[in-house]
Amino acid sequence: MPKWFTRLAGGATVAAETKAGGPQTLMQLTALGEPSWSRRGFVSLASAGYLRNPVVHRCVRLIAETANSVPLVVEDGTRRLSEHPLLSLLARPNRRLSGSEFLAEVYAYLQTAGNAYLEAGLVDGEVRALYTLRPDRVKVVPGRDGYPAAYTYSAGGRTRQLSLEPRPVPELLHLALFHPLDDHYGMAPLEAAQQSLDIHNAASAWNKALLDNAARPSGALVYSSEAGNLTESQFRRLKDELEAGFQGAANAGRPMVLEGGLDWKAMALTPQEMDFMELKHAAAREIALAFGVPPMLLGIPGDNTYANYVEANRALWRQTLIPLVRRVADDLSFWLAPAFGGVRLRPDFDAVEALAEDRAALWERVGKAEFLSDEEKRRMLGVG
C-alpha cells in the first residue's frame, strides 16, 4: 500500500492520505510551449522559403519572370528612341547576365530580401556595366545626419566601399520596399509571410515523419500495474522489438500482438482530426496573400474570390506587377539619366499581352473623348 508525501514550506514532509485500490492511472497535463519561428534574416528565410517551400518558390518566380516580360523603353522628352546606349546597356548589363536575367534578379531580391542593390561599373566617367549584389553582403554606412553616406560590400574575404557621389552617377543604387521600423533597409513579403511559412513547412515535415512511422500517430504502450513493474531488461527488449518490427514505412500494416497486460493508447491526433490538408492550404493562401499573388494562379484550392483564371491574372497585374515594374523603372531612370543625357526609362505595358484588353478599353474611352485634343489624348495614353 503506497504512501504519497507532500513537501511543505520549510522542507518538512508529511504523509498524505493512504488509500488502497486497484490499478492506478497516471495522467500528465502539459501546457503548450512557445512556438518556434524561423530566424528573421535573409539567409535563413531564403533557405526556409525559396529553397524549401514550393509556394514561396513559385510566388517569387511568378512575380520575377512575369514582371520581367514588360519591356523598358527609352524616351527623350516625348520621343521614343529605338536605338540608344542605355538600351544597349540594359540588353547586356554585364558579361555574365542578359538584360532579362538582370531584371529578374532585381525583382526576386525585392521579394525575398526587401532590398535590391545595383552596382554601376564606371570607366572614364561612363557606365559600362551593371551588376546585382547579394543583399546580405551589403551594409549601409550612415553619415552624421543619419542618411546613408556610402555602402560596403563584402565578398571573397575582402570589403570594399561604394561611393554615393555622382561620378556621373553613384556607384550603387539601393531599391528598398517600405519598412515601418527601419531607416535604411526594406521589408520583404517573405518576412511578412514568415509564420505561415513555418506552419506550411512544419506541416510538410510532420506529414513526412508520419509516413516514415507507418502513417500511425504517436502513442504509448500502457502496462497494467497488476502484473508488477517491468524489469530494465524487459523494458529495453520491448523497446528494441517495437523499433525493429513496427517502426518505419517498410513495416506499415504489420499486426501487433500485445500480451501481459499491454494495451495501445494513441496520444496524437490523426491527420483527419487535425484537418491536415486545410491547415496546409490556409498557410499557403496566407503566403500567397503576402506576395500579392492570387491563390488560384498557384493551384491552391478553396479560393472562390475570382470568377476565372483570366480575372485572377488581371488582378495580379493590377495590384502587384504594375506598381512593382513602375517603381523599378523610375528608380533606374533617376539613377542612370545623368550618364545618358537625361533620357527617361518607361515600362511599355502596351506590349503586354495580358493587359491588351485593359489597354484596348482605355484607348477606346480616350479616343471617343471629343473634348480632348490629339496632343492631350497622346499624353494620357503615354504615346509620344
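β7 and β8 are joined over five bridges in the antiparallel sense, where strands are DSSP runs of E with at least two residues, numbered from the N terminus, and two of them pair if DSSP finds at least two bridges between them. Within this pairing, Lys-139 has Thr-152 in β8 as its bridge partner. The model is a predicted one, in which local features need pLDDT of at least 70 and side-chain atom pairs count only at pLDDT 80 or more, while totals for chains, interfaces and linings use all residues. Residues are numbered from 1 along each chain as its sequence is written, and side-chain values use heavy atoms, with hydrogens and water left out.

On its other pairing, β8 (residues 148–155) meets β9 (residues 158–163), again in the antiparallel sense, over six bridges; here Ser-154 stands opposite Thr-159 of β9. The two strands form a hairpin with two residues between them, and Gly-156 in the turn has a positive phi of about 65°.

Together these strands make an open, antiparallel sheet of three strands in the order β7-β8-β9. Because β7 (138–142) and β9 each have a single partner strand, they stand at the edges, and one side of each is left without a neighbour in the sheet. The twist from one strand to the next averages 30°, with axes taken as lines fitted to C-alpha atoms (for helices over the stretch in contact) and angles running from 0 to 180 degrees between N-to-C directions.

Another open sheet of three strands, with antiparallel pairing, has the order β4-β3-β13. Its edge strands are β4 (79–81) and β13 (344–347), each pairing on one side only, and its neighbouring strands are turned by 45° against each other on average, direction ignored. Helix α10 (residues 309–336; helices are DSSP runs of H or I with at least four residues) packs on this sheet and touches β3 and β13, its direction making about 170° with that of β13; contact means heavy atoms within 4.5 Å.

| Strand pair | Bridges |
|---|---|
| β7 and β8 | five bridges |
| β8 and β9 | six bridges |
| β3 and β13 | four bridges |

A nonpolar core is a set of buried Ala, Val, Leu, Ile, Met, Phe, Trp, Tyr and Cys residues joined through side-chain atoms within 4.5 Å, buried meaning under 20% relative accessible area with a 1.4 Å probe and protein chains only. The largest such core has 62 residues, of which Leu-86, Leu-130, Phe-291, Leu-332 and Trp-335 touch the most other members; α10 gives the most to this core, with twelve residues. Apart from it lies another core of eight residues, including Tyr-117, Val-140, Tyr-153 and Leu-162.

Definitions and conventions
Buried < 20%, exposed > 50% of the residue type's maximum accessible area, 1.4 Å probe, protein only.
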